[in-house]
Amino acid sequence: GIARGHRRRPAGGHLAAATGTLPTLDAPNEDKAVSSVPNALVLFNPALVLAELPGLDLEGFGTRVPEERMGTAPKNISPAHHVKKGTPPAIVFHGKADTTVPYATADAFARAMKAAGNRCELVGFEGQPHGFFNFGRGDNSNYHATLVATDRFLASLGWLQGEPTLAKPPASPATAAASTAPARQKRQTKP
């Protein structure tokens with residue numbers, strides 16, 4: 001399976017990243033014969049650093065949410081602190097002007113992944129804020145770009161074949177409001 005981070009809230013991106021990095025998320029009565037770790041991570045503006053990380057100065061970002069609120073020490077649920085060899089391959093989409101989740105945290109995660117011998121593609125978008133890729137934002141070009149890049153990432157893992165066939169969604173706000181989802185064409189998946 002693939003863990004995909006939520007496109008509107010950093011908690012969804014954090015949850016998706018946690019499934020691939022945190023070692024103790026299985027419930028005690030869970031069937032351990034079936035792994036809950038995804039085969040790949042597709043992350044959209046995820047919160048990846050929840051505690052202080054050497055070499056990363058974020059002026060208190062990693063300590064904004066106290067242990068009492070999280071129910072555990074932030075480091076225990078911080079994906080960047082649990083990267084190891086064998087962490088699933090990841091693609092991370094992040095706006096470089098994101099003030100909700102600083103871009104530097106995604107960069108730190110990508111460096112940790114690569115240092116551990118894992119694949120991690122960090123796709124930064126210059127001047128873009130948190131959630132810049134959501135459908136209906138601007139002319140939908142960032143929405144389209146992230147989906148095409150996701151498609152190519154999954155194809156590089158052998159899960160899709162051929163070039164992306166996703167049609168670019170309409171740019172006009174009136175057209176976007178009238179549609180609940182962008183037009184998509186069928187794409188062949190590998191059996």
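Modeller: What follows describes the nonpolar cores and then the aromatic rings.

This is a predicted model, in which local features need pLDDT of at least 70 and side-chain atom pairs count only at pLDDT 80 or more, while totals for chains, interfaces and linings use all residues. Residues are numbered from 1 along each chain as its sequence is written, and side-chain values use heavy atoms, with hydrogens and water left out.

A nonpolar core is a set of buried Ala, Val, Leu, Ile, Met, Phe, Trp, Tyr and Cys residues joined through side-chain atoms within 4.5 Å. Buried means under 20% relative accessible area, with a 1.4 Å probe and protein chains only. The largest core has 19 residues, and Leu-43, Leu-48, Val-92, Phe-109 and Cys-120 have the most contacts inside it. At least two residues each come from α1 (10-21), β2 (40-44), β3 (90-95) and α3 (103-115); helices (H or I, at least four residues) and strands (E, at least two) are DSSP runs, numbered from the N terminus. The largest share, 5 residues, is from α3. A second, separate core of 11 residues includes Ala-40, Phe-93, Phe-132 and Phe-153.

Aromatic rings of Phe, Tyr and Trp (its six-membered ring) pair if their centres lie within 6.5 Å, and planes under 30 degrees apart count as stacked, over 60 as edge-to-face and the rest as tilted. The whole structure holds 5 such pairs. In one of them, Phe-44 and Phe-93 are stacked, at 5.1 Å centre to centre and 25° between the planes. Phe-44 lies in strand β2 and Phe-93 in strand β3, 49 residues apart. Phe-44 counts as buried because its relative accessibility is 1%, and Phe-93 is buried because its relative accessible area is 0%.

Definitions and conventions
Buried < 20%, exposed > 50% of the residue type's maximum accessible area, 1.4 Å probe, protein only.
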